[in-house]
Amino acid sequence: MTTCEHLTKAGDPSPRTPEGCEECLKTGMRWVHLRRCLDCGHIGCCDSSPGRHATAHFREEGHPVIASFEPGETWRWCFVDETLG
């Protein structure tokens, strides 16, 4: 795996809504997998979910790195450099 500056500088904030996707919880939508923003702790659903809220959060806020919020998964993704870390 390659590394980018965003992945190297990514934080480790607490999840804002550890019970699930922040937007889906508000609207009653369902999600497939969860992602945590490593800038602010936003929990959003993956692109396989109807809401695609993790990607929407990146587009709205510009926070570049997410991490899987699934048990047993430790990968991170940089939207800017399209790099897995």
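This is a predicted model: local features need pLDDT of at least 70, side-chain atom pairs count only at pLDDT 80 or more; totals for chains, interfaces and linings use all residues.
Glu82 is placed in the loop between S4 and S5, and its phi is positive, about 50°, although the residue is not a glycine. For background, most residues other than glycine have a negative phi.

The loop between strand S4 (76-78) and strand S5 (83-84) also holds Phe79.

## The aromatic pair

A search of the whole structure turns up one aromatic pair. Its members are Phe58 and Phe79, which are stacked, with 4.6 Å from centre to centre and 10° between the planes. The pair links distant parts of the chain, since Phe58 belongs to helix H3 while Phe79 sits in the loop between S4 and S5, 21 residues apart.

## Helix H3 and its two ends

Helix H3 covers residues 53-61, and within this helix His53, Ala54, Thr55 and His57 are buried. The cover over the buried residues of H3 includes helix H2 (22-27), together with strand S1 (34-37) and strand S2 (43-45).

The phi of Arg52 is near 50°, which is a positive value in a residue other than glycine, and with a relative accessible area of 49% Arg52 is partly exposed. Just after H3, Gly62 takes a positive phi of about 80°.

Where in the chain does Cys21 lie? Cys21 is found in the loop between helix H1 (5-9) and H2, and with a relative accessible area of 0% this cysteine is buried.

When neighbours within four places in sequence are left aside, the residues in contact with Cys21 are Trp31, Leu34, Ile43, Gly44, Cys45 and His53. One of these, His53, is also among the buried residues of helix H3. Cys21 and His42 are 21 residues apart in sequence, and their C-alpha atoms are 8.1 Å apart in space.

## The chain as a whole

The elements discussed so far belong to a chain with three helices and five strands, and read along the sequence these follow the pattern α-α-β-β-α-β-β-β. The C-alpha atoms fill a box of roughly 35 × 25 × 20 Å, taken along the principal axes. For 85 residues, a compact globule would have a radius of gyration near 12 Å, and the chain, which has 12 Å, agrees with that expectation.

Of the 85 residues, 40% count as buried. Among contacts between residues at least 6 apart in sequence, 47% join residues at least 24 apart.

## Surface and charge

The accessible surface of the chain comes to about 5100 Å², and 48% of this area belongs to carbon and sulfur atoms. The chain carries 9 positive and 13 negative side chains, and the centres of these two sets lie 2 Å apart.

Note on methods: Residues are numbered from 1 along each chain as its sequence is written. Side-chain values use heavy atoms; hydrogens and water are left out. Helices (H or I, at least four residues) and strands (E, at least two) are DSSP runs, numbered from the N terminus. The radius of gyration is taken over C-alpha atoms; the globule rule is 2.2 Å times the number of residues to the power 0.38. Buried means under 20% relative accessible area, exposed over 50%, partly exposed in between (1.4 Å probe, protein chains only). Contact means heavy atoms within 4.5 Å. Accessible areas come from the Shrake-Rupley method with a 1.4 Å probe; for residues, only the protein chains shown count as cover. Lys and Arg count as positive and Asp and Glu as negative; His and the chain ends are not counted. The place of a charge is taken as NZ of Lys, CZ of Arg, CG of Asp or CD of Glu. Rings of Phe, Tyr and Trp (its six-membered ring) pair if their centres lie within 6.5 Å; planes under 30 degrees apart count as stacked, over 60 as edge-to-face and the rest as tilted.
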